[in-house]
Amino acid sequence: RAAIGLEVLPGVQALLQKLQQLDHVYVGLCTGNLEPIAWSKMEALGLKDLFTLPHFGGFGSDYCSGTSDPKQSYQDRAELVKIAAQRASSIANTDVQDTRRFHIGDAPMDVQAAVSAGSTAIGLLTGIFDKETLQNCSSPDDDVIILQNLEDVDQVLHLLLMT
C-alpha cells in the first residue's frame with residue numbers, strides 16, 4: 001500500500017539499473033519522508049534494490065529546522081542533500097565533497113537545495129513547473145541542468161559521467 005498514488009516516471013528504473021552497475025557511483029535517496037517510510041515506498045515501487053548498499057540518503061527524520069517560511073524551506077532539503085553526501089563518503093571511504101554530486105528533482109526547491117548543498121542540480125520538467133521557473137530559481141552561474149525527463153538514459157548517463 002505504500003506506493004498507492006505513486007508512479008515510477010519513465011527512465012527512472014532504467015537509469016538506476018545502469019548506475020547500479022558502476023563501481024564508482026553511489027546512489028542515495030533524499031526526501032522529506034521519514035527514512036522507514038521512504039524506503040517502504042521505494043520497495044513498493046520495486047526500486048529499493050537499485051540504490052547503493054548499504055542504503056543511505058538524507059531524510060525528514062534526519063533534519064528539520066522548523067522554519068515556517070516557504071521561501072526558506074529549500075534549506076532543509078539542502079541539509080538532507082549534505083547529509084546524504086556525508087553518508088556516501090562513509091560508504092565510499094573517501095570525501096565525496098571533492099567529486100561532482102547530483103541532486104535530481106522537479107521543483108524549484110530541489111534546484112535550490114542542490115545548489116545550496118554544492119551539488120549539480122538536475123531539474124526535471126516532469127512536475128508542475130516549467131523550464132523558466134526552474135532556471136530562474138538559481139543564478140546563471142550555478143551548476144543547473146534542466147531536462148524534459150529521464151527517458152533518454154544514455155543522454156542522462158553522459159551528463160552524469162562527464163567530469
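1. A quick definition to start: buried means under 20% relative accessible area, exposed means over 50%, and partly exposed lies in between, with a 1.4 Å probe and protein chains only. Helices (H or I, at least four residues) and strands (E, at least two) are DSSP runs numbered from the N terminus.

2. Some housekeeping. This is a predicted model, where local features need pLDDT of at least 70 and side-chain atom pairs count only at pLDDT 80 or more, whereas totals for chains, interfaces and linings use all residues. Residues are numbered from 1 along each chain as its sequence is written, and side-chain values use heavy atoms, with hydrogens and water left out.

3. Now the sheet. It is open, has three strands in the order β3-β4-β5, and its pairing is parallel; two strands pair if DSSP finds at least two bridges between them. β3 and β5 are the edge strands, each pairing on one side only. On average, neighbouring strands are turned by 20° against each other, direction ignored. For angles, axes are lines fitted to C-alpha atoms (for helices, over the stretch in contact), and values run from 0 to 180 degrees between N-to-C directions.

4. Helix α6 packs on this sheet and touches β3, β4 and β5, with its direction at about 180° to that of β5. Contact here means heavy atoms within 4.5 Å.

5. How do β3 and β4 (residues 120-124) pair? They run parallel over four bridges. Isoleucine 104 has isoleucine 122 as its bridge partner in β4, and the chain gets from β3 to β4 through helix α4 (residues 108-116) in a right-handed β-α-β crossover. Right-handed means that, with the strands pointing away from the viewer, the path from the first strand over the helix to the second runs clockwise.

6. Leucine 124 stands opposite leucine 147 in β5. The link from β4 to β5 goes through helix α5 (residues 131-136), and this crossover is right-handed too.

7. β4 is mostly covered, with five of its five residues buried. Thr120, Ile122 and Leu124 point one way, Ala121 and Gly123 the other. Take isoleucine 122: it counts as buried because its relative accessibility is 1%. Leaving out residues up to four places away in sequence, isoleucine 122 touches Phe102, His103, Ile104, Gly105, Ile145, Leu147 and Leu160.

8. Which residues have the most contacts inside the largest nonpolar core? They are Leu15, Phe51 and Leu147, in a core of 24 residues. α1 (12-20), α2 (35-44), β4, β5 and α6 (153-161) each give two or more residues to this core, and α6 gives the most, with five. A nonpolar core is a set of buried Ala, Val, Leu, Ile, Met, Phe, Trp, Tyr and Cys residues joined through side-chain atoms within 4.5 Å.

9. Leucine 147 deserves a look of its own. Setting aside neighbours within four places in sequence, its contacts are Ile122, Gly123, Leu124, Leu125, Gln155, Val156 and Leu159.
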